[in-house]
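Here is a short tour of some helix packing and strand pairing. Have a look at the model first, and then we will walk through it together.

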Amino acid sequence: MTSILTYTLKNLPSTSKWALRFSLRPLSCSSQLRAAPAAQTKSKKTLAKPNIRNIVVVEGVRIPFLQSGTSYKELMPHDLARAALLGLLHRTNVPKDVVDYIILGTVIQEVKTSNVAREAALGAGFSDKTPAHTVTMACISANQAMTTGVGLIASGQCDVVVAGGVELMSDIPIRHSRKMRKMLLDLNKAKTLGQRLSLISKFRLNFLSPELPAVAEFSTSETMGHSADRLAAAFAVSRLDQDEYALRSHSLAKKAQDEGLLSDVVPFKVPGKDTVTKDNGIRPSSLEQMAKLKPAFIKPYGTVTAANSSFLTDGASAMLIMAEEKALAMGYKPKAYLRDFVYVSQDPKDQLLLGPTYATPKVLERAGLTMTDIDAFEFHEAFSVGSPPLEKFNNWGGSLSLGHPFGATGCRLVMAAANRLRKEGGQYGLVAACAAGGQGHAMIVEAYPK
């Protein structure tokens, strides 16, 4: 494990070493279970750049994020995405015909709706003349959807883009084995009874063994949970540190839910069932109860458990992104500016979860900011391995407690940052997330003047 730490530190640029001290320090101190008090509005420079269009978030919504196998289990991904799009239309009253483009992210695709953005858009009543496409970049798929929309607006190709994402882990595609698939395809091509009988004679019972979607990295054959365990050991983040952080996430999420701060959540009437109004994975427990759980990945000495990991989640999100001049012309009061962003990639074996560590100093440098300038951090929590200063960090909960639908989380992060800045009086938010393949994303969100 020491070799992992040495390798990581030696290969980080100096700015990333500085960021690493914040993002992978031990997570203790029960006093940090409280959220920071509301910040005073600060007078800082704006990040607007000459001759570049200002791009704003008008509004963003999400249907409740639910544990897989619960109320959404009978639906398809486009049903969830359609609900998020309809929620956005209802919240904003934006005319459907002014939307120039729709982009959604997803990870585990339903084979019947591979371009789920298009199917969801049509289902939500958008014009069939409005283009829509789907992107995939693991856990930062919605981030990619958003920044693709930013690029379309910045280049002048579009004025109004809807971006979001969806994931339905309750019904993942399970395939026949390769041998079975080959036999079925060959049978379809067979022209005579003799050819069919010859193929059928080659059938063996092991052909029926199903293939599940891989949970391990294709390039390394290691699961993200194993990687989190190794990183926790390498950076001396203990089981207690991780459990304390997870408890903090669930406690703050419950507090935010009870106080009505999760305003991006829109109700969803599930066909044949009751209306779902809130996330169902928030479960504040106790350190004593959490300590009873066994390691989930590296047994018996690992420190990552079901209690300090994000759970499999169903959900969808959608955001209305516009050129500032277009939003104002239509009478909207934007919530935030979308400013500088970066994508990073590193070794998927030993640095799989370090995307935010590399992306944070890069995006701060690009924006001309420092860590102390940031008023609200919203980082994706796949596991409880580490974080920046906690007094500004994920104060309304995070992926550990709210859930993590792979293709939809990015929009939740941006809206949490935007809403927190408005509530707390801050100016700059920093959103960051890691993703499978050793990739990562970070973005600066600037509050829109009140």
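Which residue takes a positive phi in the hairpin of E11 and E12? Gly 437 does, with a phi near 85°, and the hairpin has three residues between the strands.

## About the model

This is a predicted model, in which local features need pLDDT of at least 70 and side-chain atom pairs count only at pLDDT 80 or more, while totals for chains, interfaces and linings use all residues. Residues are numbered from 1 along each chain as its sequence is written, and side-chain values use heavy atoms, with hydrogens and water left out.

Helices (H or I, at least four residues) and strands (E, at least two) are DSSP runs, numbered from the N terminus.

Buried here means under 20% relative accessible area, with a 1.4 Å probe and protein chains only. In a regular strand the side chains alternate between the two faces of the sheet. In E11, Tyr 428, Leu 430, Ala 432 and Cys 434 point one way, Gly 429, Val 431, Ala 433 and Ala 435 point the other way, and all are buried.

E11 runs parallel to strand E10 (residues 376–379), joined by four bridges; strands pair if DSSP finds at least two bridges between them. Phe 379 has Ala 432 of E11 as its bridge partner. With strand E12 (residues 439–447), E11 pairs in the antiparallel sense over eight bridges, and Ala 435 stands opposite Gln 439 of E12.

## Helices H5 and H14

Helix H5 (residues 141–154) packs with helix H14 (residues 409–424) at an angle of about 65°, their axes 5 Å apart. Axes are lines fitted to C-alpha atoms, for helices over the stretch in contact, and angles run from 0 to 180 degrees between N-to-C directions. H5 and H14 are therefore roughly perpendicular (65 to 115 degrees).

Ala 142, Asn 143 and Met 146 of H5 meet Thr 409, Gly 410, Cys 411 and Val 414 of H14, where contact means heavy atoms within 4.5 Å. The contact residues of H5 and H14 divide into four nonpolar, three polar and no charged. Ala, Val, Leu, Ile, Met, Phe, Trp, Tyr, Cys and Pro count as nonpolar, Asp, Glu, Lys and Arg as charged, and the others, Gly among them, as polar.

Definitions and conventions:
Angles under 35 degrees count as roughly parallel, over 145 as roughly antiparallel, 65 to 115 as roughly perpendicular and the rest as oblique. Buried means under 20% relative accessible area, exposed over 50%, partly exposed in between (1.4 Å probe, protein chains only).
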